[in-house]
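Subject: Structure for your review

Dear colleague,

Please find below the structure that I am handing over to you. My notes on what was found in it follow directly after.

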Amino acid sequence: MSPRVGLAKKDKKEGDEEEEEEWSKHATVFKKHSKIGIKKTIAFTHDSDVRCSIDYEESDFLPKGTGSEIEHYDIGGIAEFAKEMADKGLAKPKVSLQFELSTSGITQLVKAEAAVEEIITVTEEVEYEEEVEEEESDAAAAEGEEKAEEEEKKEEGEAKEGAEEEKKEGEEEEKKEGEEEEKKEG
């Protein structure tokens with residue numbers, strides 16, 4: 001025998017004038033010979049309090065005179081929560097009911113909750129281009145400093161080479177002048 005879950009809108013309070021459509025759902029949560037101790041969840045969108053009934057499916061295996069009812073639960077707070085969310089401009093809540101097949105083989109409601117998903121879009125300005133430009137300018141500045149240092153070294157080297165060449169040239173000229181004087185004297 002498989003237990004069947006029936007969900008229906010909870011009875012209206014006296015004095016409610018609004019006439020709404022009857023709402024109900026039925027599902028077999030655990031099939032015959034299901035593993036014991038497992039949990040299953042039924043989820044649906046709803047904005048009213050709910051009455052949940054767990055009953056045996058009609059079967060010839062039940063003794064005559066045995067009722068098909070196992071348990072009934074009144075799940076409240078959904079209508080109030082849905083109203084709060086509607087006031088905030090949000091959608092109907094998603095109601096989740098979690099059932100467990102106990103070790104004794106009885107289906108029980110172990111958890112009921114209602115939730116609304118709110119999507120929030122956050123725009124964040126990223127100063128990426130400025131950071132890149134700063135990094136590039138810092139890198140360029142560092143590169144420029146390195147080049148300037150290299151150029152200074154080159155200039156110093158060239159100046160040394162130039163001074164050495166001038167010195168050599170000066171020495172060669174003095175040598176030539178000295179030789180010319182010797183030739184004149186001699």
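Ser96 touches Thr41, Ile42 and Ala43, and also Lys111, Ala112 and Glu113, when residues up to four places away in sequence are not counted. Please note that these contacts, like everything else in this message, come from a predicted model. Ser96 itself is found in strand E6, which covers residues 94-101. Is Ser96 buried or exposed? Its relative accessibility is 18%, and because buried means under 20% relative accessible area, Ser96 counts as buried.

The next point concerns the sheet. Three strands form an open sheet in the order E3-E6-E7, and their pairing is antiparallel. Which strands lie at the edges? They are E3 and E7 (107-115), each of which pairs on one side only. Neighbouring strands of this sheet are turned against each other by 20° on average, with direction ignored.

How many bridges join E6 to E7? There are 8 bridges between these two strands, which run antiparallel. Within this region, Val95 stands opposite Ala114, a residue of E7.

I turn now to the aromatic residues. The structure holds 1 aromatic pair. It consists of the rings of Trp23 and Phe44, whose centres are 5.4 Å apart and whose planes stand at 40°. Why is the pair called tilted? Planes under 30 degrees apart count as stacked and those over 60 as edge-to-face, with the rest counted as tilted; the angle of 40° therefore makes this pair tilted.

The pair links distant parts of the chain, as Trp23 and Phe44 are 21 residues apart. Trp23 is in the loop between strand E1 (3-9) and E2, whereas Phe44 is in strand E3. Both partners are buried: Trp23 has a relative accessible area of 17%, and Phe44 has one of 6%.

Where is His33 placed? This residue is in the loop between strand E2 (24-28) and strand E3 (39-45). The phi angle of His33 is near 65°, which is a positive value in a residue other than glycine. His33 has a relative accessible area of 75%, and since exposed means over 50%, His33 is exposed.

Yours sincerely

Methods: Residues are numbered from 1 along each chain as its sequence is written. This is a predicted model: local features need pLDDT of at least 70, side-chain atom pairs count only at pLDDT 80 or more; totals for chains, interfaces and linings use all residues. Side-chain values use heavy atoms; hydrogens and water are left out. Helices (H or I, at least four residues) and strands (E, at least two) are DSSP runs, numbered from the N terminus. Buried means under 20% relative accessible area, exposed over 50%, partly exposed in between (1.4 Å probe, protein chains only). Contact means heavy atoms within 4.5 Å. Two strands pair if DSSP finds at least two bridges between them. Axes are lines fitted to C-alpha atoms, for helices over the stretch in contact, and angles run from 0 to 180 degrees between N-to-C directions. Rings of Phe, Tyr and Trp (its six-membered ring) pair if their centres lie within 6.5 Å; planes under 30 degrees apart count as stacked, over 60 as edge-to-face and the rest as tilted.
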